[in-house]
Structures are given as C-alpha cells and as structure tokens.
Amino acid sequence: QRLETGRLALYLLGLRATCPLPDPSPQRFLVTWLKYYLEKDWTGSRRHGHPLTSYYQYSLGVLALCVHRKRVREEVIQRLLVAERHGQFGHMGGSAVGKGPQGPTRTHWGGHEAPRVTQGVPADTEAVAALAFACLEREQLGRARLAAELQAAVRRTRARFVAVQNGDGFIGNVFSTPLAMQVFIATNTCKTQPAYSRAMAALLRRLDAFTSAAAMAQALPALHGRSYLDIASMQCREELDTLMPLIPKLLPMGPGNVTVRLVVECPAPPCPQHLLYDHPVPAPAGASLLDLLRAAPAQGPRNFTFETQDTPQGPFLTSVLGLAARPQERRYWQLLSGLDTSLQMGVADYRPEDGETVILRLSKW
C-alpha cells in the first residue's frame, strides 16, 4: 500500500483553513487515517532508519494533527525530537545531492518543487518539524515535561537557519525560505530577528520564481506574516467568503525555434554505461522541458522514452529510458543545467533557452 502521509496532512491543513461545516464526522475519519499512516510510515525506520516516506511527510502529519487539536502520542513526538537532536533531517550547507514537497537548497525531485509532499529537502524538513514542535507546545498536546524539549528543538532550528542564511538573504534558497520564515513567525521572533527581514526582502525580489500553484501556496502565508499554526486559532465566523476561481493563462510559444542539448546520466551502479543519452533536441521557442522530452528523437535503435506522474505540484518525472525512480532505494531523477546546477522549476514550468544543456541524472538522496 502506498502511503500518503504528506498529501493527507496537507489536505487536512487546507480543510481546517477553509472553515469546514460544523459536522466533524468527515474530519474525524480523515484524522483517524492520518494517525494510521503515521504509525505505518514509521515501520520503515526499523529497516531503513527513516520513515517509509520521509521526515518531511512525517512532520507534516504531526503538524496537521496538532492544528486540528488532536492529542499526539508521546512516542510519535519523541521520534521527531530524536531525529532533530541527531541531525537526521539532513545537512544545511552546500547543495543537495542531485529539486522537492524534496543539502540545504531546494532541489528538484523528478521535475517539480519537492518535494513538497514527495520528500522535502532538509531546510523544509527542519522548518516543518519546528512548526510541529511549536504547535505541540502551544496547544499543550504533549505531556508537560516535553515542553522544555520542544522549546529547545525550536531554538536550535532557528539558530541553524540564521547560521546558514545565504548572502542573498535566502535560507536554503527561494523555495525553502517561506517555510523557514514561518518558524520565526510562529515563535514571535520575526520582529527581533534580522535574518527574517533579510529573508523577506529576498523573497520579494524573487516572486517570479513561484510559477506553480503549490509553490505559491507555500509562499503566501509567510508573505502575509502568517504561519500554519495560525490555522488552529482561526475564528471561522469572522472569515469572509473571498475565494474566487482562477483561470490560468497559458504562456504563448515564442517565435522561431531553439535547440537544446538533452543528456541522460546514470551512475554505476545500477548502470555500467554512465552516459545513456546525449542528443540535440529542436523545439519551438518557449517550449517547456516537458515539451522537449516529448520531442526528443531516438538515439540509435533506441527510442527516447519517459514517464511522469501527476501530482499537485505538476508532472513528476518517474522514469527515463526505462529506468524508474525508486523511492524505497532513495533514487530520483534530478534535473540540472549544463553547469551542474539544480533547476529551480519542474519539467512543465522550466523553459530551456537556445543552446542550453539540460541533464537528467538518476541520483540518490
């Protein structure tokens, strides 16, 4: 059975934020499923040393339960506290192996901002875990003696965010910065912490980077000075019905054509041959990377094949030339430019320029 810990957690957070109808029955049913997923997810730690999904998804699950003011078992809380104390969320410096909801900077997991729900990168994971800790302390959903441990974990996370803030003001990078900012907002330290002001200024300079609905949804709370914890204290009777349908506008194709060099790499193991594909691909100007993959010609007797999976963050690249990403082996398809830099958009959003090199690399996180 495929676990959906993170997806269900995000759904429950969204459900609470939309002020659902007074009948709590549907919510209780979903909360019960989330508790089940959290227990099932943790069985992976006995074999792999980490949840079957990721600490990012696991932290989202704990946060969603807390926002719904559901008591969380102490053992569940301790699992995250132990992971935080032992640095099991990942390193905060340098670039990630190989977007992404997916090193300290946001990388791309199979072609969209990831993880967002799929894995999450360490900066995101630390932020979501810290938000869960802050929520548990605020709502007093754990035993009283845990309060000091929760406070200490949040303080350590804030200190790490300050220490790793880039010269451009980002904490990780543009995509991981909003969640990191939420930690300062949730703990009422945003007005006294210069790192928060620098992060906000950096975020405002790069709003054009948020092209998908999921990425924009993650940035909006921080831009409005809110955190996910505010959902728990919303007064729904005071909320105005201001939701309006948004009809997306497709970006037009530009005039002329471009030629992009497409490279597919697979290190050994599992591939004896490192370079699997290297071919120029012509496409209309303004075409997305996804369009480019569809137009990629055969190389020798072998056709160029790939598979994607639809997710809330857009198409997720799951297989290239018959080689599938395997989450259980912590392998994913990494998207890079020719300068070995992780792309900051997914396959449906990124639009390569003429003469650019794009690399698809089977990597391990």
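Author: Let's start with Glu265, which is buried, with a relative accessible area of 12%. Buried means under 20% relative accessible area, exposed means over 50%, and partly exposed is what falls in between (1.4 Å probe, protein chains only). The model is predicted, so local features need pLDDT of at least 70 and side-chain atom pairs count only at pLDDT 80 or more, while totals for chains, interfaces and linings use all residues. Residues are numbered from 1 along each chain as its sequence is written, and side-chain values use heavy atoms, with hydrogens and water left out.

What does the side chain of Glu265 meet in a salt bridge? Its partner is Arg361, at 2.8 Å from N to O. A salt bridge here is a side-chain nitrogen of Lys or Arg within 4 Å of a carboxyl oxygen of Asp or Glu. Glu265 belongs to strand 1 (residues 257–265) and Arg361 to strand 7 (residues 357–364), so this pair ties together parts that are 96 residues apart in sequence. Strands (E, at least two residues) and helices (H or I, at least four) are DSSP runs, numbered from the N terminus.

Now follow the two strands themselves. Strand 1 pairs with strand 7 in the parallel sense, over five bridges; two strands count as paired if DSSP finds at least two bridges between them. Within this pairing, Val264 stands opposite Leu360 of strand 7. Strand 7 is mostly covered, with seven of its eight residues buried.

Strand 7 has another partner as well: strand 6 (residues 331–337) pairs with strand 7 in the antiparallel sense over seven bridges. Here Ser337 stands opposite Val358, and Gln334 stands opposite Arg361.

Four strands form an open sheet in the order 2-1-7-6, and the pairing is mixed. Its edge strands are strand 2 (275–284) and strand 6, each of which pairs on one side only. From one strand to the next, the twist averages 20°; the axes are lines fitted to C-alpha atoms (for helices over the stretch in contact), and angles run from 0 to 180 degrees between N-to-C directions. A handy idea for looking at such a sheet is that the strands pair through backbone hydrogen bonds, either parallel or antiparallel.

Cys66 is buried at 0% relative accessible area, and Cys135 is buried at 1%.

The whole structure holds 14 of them. In one, Arg160 joins Glu84, the closest N and O atoms being 2.8 Å apart; Arg160 counts as partly exposed at 24% relative accessibility, whereas Glu84 is buried at 4%. In another, the side chains of Arg79 and Glu75 meet at 3.1 Å, N to O. Both of these residues lie in helix 5 (residues 74–85), four residues apart, about one turn of the helix. Arg79 counts as buried at 9% relative accessibility, while Glu75 counts as partly exposed at 45%. Arg79 and Glu75 are also linked with Glu39 and Arg73 in a network of salt bridges.

To step back, the chain has eleven helices and seven strands, and buried residues make up 52% of its 365 residues. Glu265 is one of those buried residues.
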